[in-house]
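Dear colleague,

Here is the structure that I promised to pass on to you. Please open it first and then read my notes beside it.

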Amino acid sequence: MQRALQLAALGAGRTSPNPLVGAVVIDASGALVGEGYHARAGEPHAEVGALAQAGERARGGTLVVTLEPCCHHGRTPPCSQAVIAAGIARVVVAMADPNPQVAGGGLAQLRAAGIDVICGVAEAEARALNRPFLHRIATGRPLGLLKWAMGIDGRTALSNGASQWISGAEARTWVHRLRAGCDAVIVGGGTVRGDDPLLTSRGQRQPEPLRVVLSRSLDLPASAQLWDQASAATLVVHGPEAPREARQQLAALGAAHPGLQSLELPQCRPKLLLEALAERGCNQVLWECGPELAAAALGEGCVQEVAAVIAPKLMGGLAARTPLGELGFTAMAQVPSWQTLAPEALGDDWLWRLRPAPDAADRP
Ligand SMILES: NC(=O)c1ccc[n+]([C@@H]2O[C@H](COP(=O)([O-])OP(=O)(O)OC[C@H]3O[C@@H](n4cnc5c(N)ncnc54)[C@H](OP(=O)(O)O)[C@@H]3O)[C@@H](O)[C@H]2O)c1
């Protein structure tokens, strides 16, 4: 199962909306004869690759797989039938698939065919590996990561707005890797106007994550790196309040830049945005916005992990920006505690990652 988990992780960042899955086949004598993993949505599932590699040696052998084999016709045929047809005698599974189209149906088909099925081996590791997929299935929204960079005195920009660069080269390279593991990167209109960001993984993920701009006013610059880069797609999302003239300007921009699309939501709210992104197949998104939208995303339970890059810089200034806008607390007792993961050094900077305390769970 450890090998199957390693194989599953090779698909990271490419399988959404599907989960990461790895599988190995052990023949009747105990030799490892097949390996496979789900490399990309639409491509063969892990079990099929491992069984193909094993060939006739799978007959009477054991399939070890990190997630319950599927039993429905999706973009590929059901894996449960492929396992039965291969003559596998025993299946060891890390966890059942909570996807309502599977939900124990795959295990039931295997058992009905007389296969010995064991479920729950290394389940905690399998759950951790597929946290984004499991969150989306449970809530209907992708898992949200919120990232910012700041000086150790908590400032994210100088009083005059200057902010590039707070963190060093290693931290910025780490951010490119972080984006590569996400299906979409989200900013608000304020960040497009203030920073003109690129928001790509610098080629570490193909295709690049979808870049998303949430804006009520659609007061967006006519020229921005987000529109110009043909190598990555951008989605501008707005609500019904967006002025007509600004919509027309956005339509004209879209006509000139094929990678630029727009979407209207019933309300310009983080939660509705995430539901729309789940429908587009996103399992995990990165909030890289400024304080206003970051506070709104937190307030609506759209953040399940915070990554704060802290630079050894004293930026100062009473009017300087901080990472989060108003969260509405009036007493310290209302402020939830988060759990810190072990801090990591990124060159001269430090990465602090927070997750909701266990009693808060993944907020629905
Ligand atoms: N240090 C860092 O890591 C970091 C990261 C990102 C940004 N920043 C800084 O943040 C500054 C911009 O701050 P900001 O707060 O204006 O940026 P922001 O949070 O990215 O954008 C705020 C904008 O988001 C849009 N929005 C849409 N729906 C919203 C909702 N429900 N709630 C809140 N906002 C919503 C609005 O756009 P419209 O006004 O277009 O309607 C709003 O003005 C930048 O200059 C940048 O330097 C720093």
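**Domains, cores and ligand shell**

The protein chain is divided into domain 1 (2-129) and domain 2 (141-360), with bounds that come from an automatic or database domain assignment. This is a predicted model, in which local features need pLDDT of at least 70 and side-chain atom pairs count only at pLDDT 80 or more, whereas totals for chains, interfaces and linings use all residues. Residues are numbered from 1 along each chain as its sequence is written.

Taken over C-alpha atoms, the centres of domain 1 and domain 2 lie 36 Å apart. Four residues from domain 1 and seven residues from domain 2 make up the contact between them, where contact means that C-beta atoms, placed from the backbone, lie within 7 Å.

The largest nonpolar core has 54 residues, and Ala-184, Ile-186, Val-212, Val-285, Trp-287 and Ala-297 touch the most other members. Such a core is a set of buried Ala, Val, Leu, Ile, Met, Phe, Trp, Tyr and Cys residues joined through C-beta atoms within 7 Å, and buried means that 20 or more other C-beta atoms lie within 10 Å of the residue's own, with C-beta atoms placed from the backbone. A second, separate core of 39 residues includes Val-64, Cys-79, Ile-88 and Ala-126.

Around the ligand there are 31 residues, of which the closest are Gly-188, Gly-189, Gly-190, Gly-194 and Gly-290; a residue counts here if its C-beta atom, placed from the backbone, lies within 6 Å of the molecule.

Best wishes

Terms used
A residue is buried if 20 or more other C-beta atoms lie within 10 Å of its own, exposed if 12 or fewer, and partly exposed in between; C-beta atoms are placed from the backbone. Two residues are in contact if their C-beta atoms, placed from the backbone, lie within 7 Å.
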